[in-house]
Structures are given as C-alpha cells and as structure tokens.
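Work through the exercises below with the model open. Try each task before you read its solution.

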Amino acid sequence: MSPWYKLQNEEQADSPSLLIYKERVASNIQKMIDIAGNAERLYPHVKTNKMPEVVKMMLAAGISKFKCATIAEAEMAAMAGAKYVVVAHQLMGPKVKRLLAFRQQYPDVFVGSLIDSASVAKEHNDVFGASGLVSDVFLDVNNGMDRSGHALDGDILALYQLLYQLPNISCHGLHIYDGHLRTPDFESRRHEVEDGFVDVQHFLEAIAEAGLPRPILVAGGTPTFTVHALNAEIYCSPGTCVLWDWGYGDKLPEQPFEYAALVLTRVISKPKAGFITVDMGHKAVAAENPIDKRIRFLNLENYELVGQSEEHGVIRVENWKTINVGDVLYGVPFHVCPTVNLYDEAYVVENQSVVDTWQVLGRKRRITV
Ligand SMILES: Cc1ncc(COP(=O)(O)O)c(C=O)c1O
C-alpha cells in the first residue's frame, strides 16, 4: 500500500502546489471539538486555512464562531455562511470604515473586533454612531506576549468602564492571546498558562467590584489550547490544529492532530552530483524561518535544503543517483499558515486522489468590502 500522502493521480497535480487532505481536515476538526468538549466553546482562527470550504466543514461540524486576522478573512468566513466572526485586530482609520461597511453589507453577521486603547474606542463610537449602529468589541488584554492588548495595569479597568459608557460600543468580553507560551512539556506549559492568568483573575475581580458585567474570555491559540480547554469558562481559539504543521507537530507532543496540508514539488534538475533542484522556491513555502526550518519531506531521506530562490529549491541529497528529474516530493511545511497564504488555490485530496480545487479566498487583502 502506498503511504497516506501519495497521490494516485500524481500527474494531474501541477507543482508547486498545496494539497489539502480532506479526511484529515475533518478528523482534525473533530479532535478540536473533542478537546474543547463541545463545538460551542470554539472560536477557531481561520487565518490558518483561509478557505471557505474549510469554514463550511467547521460549520457542518457544529462550530458557529470564528476568529480572523483581517476584514477579508471575516468576509471569506461570512461568504462561507459564518454568522459570527471576530477580527482579532484593533481596527482604526480606514479599517473602521471597512468594518462599518461589512456590518452594512452583512447585517445578519455578528462582527466583533479588538480594542486596547481609548482613542480607538472613541473612533469606533463616532463612526458607528454616525450611522446609528453599534460596534461590537472585545477588550484585548496583554497577559505577557507583549504584541498587542492593554497591559494588566492600573488603567485597564478605566478602559473597560469606558467601553460600557460609550453608547455606540457594545463590549462582549476579553481577548487574551498567549501565543508566546510553547514549552513542549505539557505540565510546564500548563503552569505558564496559569501563571499568565493570575493577573487576568485579579482584573475579573476588579470588574466585579466595579459592578460591571463579567466578560466572556476568548483565549489562546493551538499550543495553549489543551490547557485552556481544561477551564470551562474559557472560549478557545486555536487555528493551526485544523491543518497542523511540522513546527507544532514536534513541539506539542500531547496534541493528537495530523498533517492535513502538504506542499507538492517536483525535481526539475540535477545540477551536479549530490544536488537536486525542486520547483519549490520561497514563493511555495513560508520562508520566515531559517532554511533548515521550512519543509520536511516525507518521501526523501538524508537531505538538506541548502538554498531557495523564488522558484527554485536546491537540496543536497545522499541518494542522488536514484532520484530522477520529474520525481514528486511531498513536504510538511514548518509553518502552515503563511504557506497556505502563498497559494490562490489548493488541490483537495480524498482517497489519495486529487478530486477538487478550493480557493484560498482569505489570502486577499480585500474581497469586496
Ligand atoms: C490572536 C490569535 N489568536 C489565535 C491564533 C491561532 O493560533 P495557532 O496558530 O497557534 O493555532 C493566532 C495565531 O497567530 C492569533 O494571532
């Protein structure tokens, strides 16, 4: 029997290409629901897959809320049928106007976004207020990643209060992304996550003392998912686990997900003894990491990717004589989210055959809004 990833109709797959193994996506979605305990607790981040068809699979599995990084991803999800999306960014200037346009174009879709500063909250209040609408927001909390969010300091309660005072703002909860916590050992990671929540708990107590409504909590990505899932109060927002990748596969041993997205590439030259060239340059696999952390081939042994240009990847190999021009290689991307983002469309694989193509619609910066 051929290995799980090998296509029966390989000749139909142009290269380089992105392969989406549909059965594995379905199984990863089910595992994500099982870990969460129920689909209601999930806000999967669609930045990983960016595909309406994957969002439809999640909707069919009972997931109804989604996170995204851009207004285009929110629109992609809405076009797929999602009725609840949160743009996990603080939107300002032209983006507040786009958010308003989204609200007007998709009136039956809840669209939230993040706030961590009073000036942006007031901007939303003014822009939405002028149209007689309300901007739905989550207060973004920085609990240690130091990338975005308001610090858990003496001023954060005042911002939370402001969100309840502004008439055209509706605050729905706290957004807490602890994506910096990736220690492979689960127990150590669990302690780190819990330590990171001590000040969040203090903030929740201060909110209660101030007589304000208790916010819902939307927290984490894939590495901290298995910890947050243990706390029934937390809504979980993993994204990568739906497709899975080499980076997380090696780092998160307790997580049961399977590789569901691969890059297919062909050997296009054997420029000198010991070296092959594939048509997988850095336009075909995410290149934000050093060269040894981009792709892991499943059907090649004893090799080293030594160079990449836009359309070429040069690989030093031990079994050079047995490799032929035209051979197909299957690789697991180290970081799947930006790899998917490089493709307009993906081949869909079922029963080891390409059966369809799916648009990676959410990679656009703008769809219609
Ligand atoms: C704010 C936010 N939430 C959730 C996620 C999903 O995290 P992961 O890719 O670890 O699943 C990300 C990923 O970057 C993110 O930025």
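**Exercise 1. The domain interface**

How much area is buried between domain 1 and domain 2, and what percentage do carbon and sulfur atoms give?

Solution. 

- Start with the source. This is a predicted model, where local features need pLDDT of at least 70, side-chain atom pairs count only at pLDDT 80 or more, and totals for chains, interfaces and linings use all residues. Residues are numbered from 1 along each chain as its sequence is written, and side-chain values use heavy atoms, with hydrogens and water left out.
- Read off the area. About 1,900 Å² is buried between domain 1 and domain 2, and carbon and sulfur atoms give 64% of that. Buried area is the accessible area (1.4 Å probe) that two parts lose on being put together, summed over both.
- Glu 258, Cys 337 and Trp 358 supply 36% of what domain 1 buries against domain 2, more than any other three residues.

**Exercise 2. Contacts across the interface**

Count the residues in contact, then the polar contacts and salt bridges.

Solution. 

- Contact means heavy atoms within 4.5 Å. On that basis, 19 residues of domain 1 touch 23 residues of domain 2.
- Polar contacts come next: a pair of N or O atoms within 3.5 Å; within protein, one must be able to donate a hydrogen and the other to accept it, and residues adjacent in sequence count only if both atoms are side-chain atoms. Seven residue pairs (both at pLDDT 80 or more) are in polar contact between the domains.
- Across this interface, zero salt bridges are found. The rule asks for a side-chain nitrogen of Lys or Arg within 4 Å of a carboxyl oxygen of Asp or Glu.

**Exercise 3. Salt bridges in the protein**

How many salt bridges does the rule count?

Solution. 

- The count comes to 15.

**Exercise 4. The ligand site**

How many residues surround the ligand, and which are the closest?

Solution. 

- There are 15 residues around the ligand (a heavy atom within 4 Å). The closest are Lys 67, Thr 222, Gly 239, Thr 240 and Tyr 248.
- Check Lys 67. An N or O atom of its side chain is 2.6 Å from a nitrogen atom of the ligand.
- Check the ligand oxygen atoms. A polar side-chain atom of Arg 147 lies 2.9 Å from an oxygen atom of the ligand. For Tyr 177, a polar side-chain atom lies 3.4 Å from an oxygen atom of the ligand.
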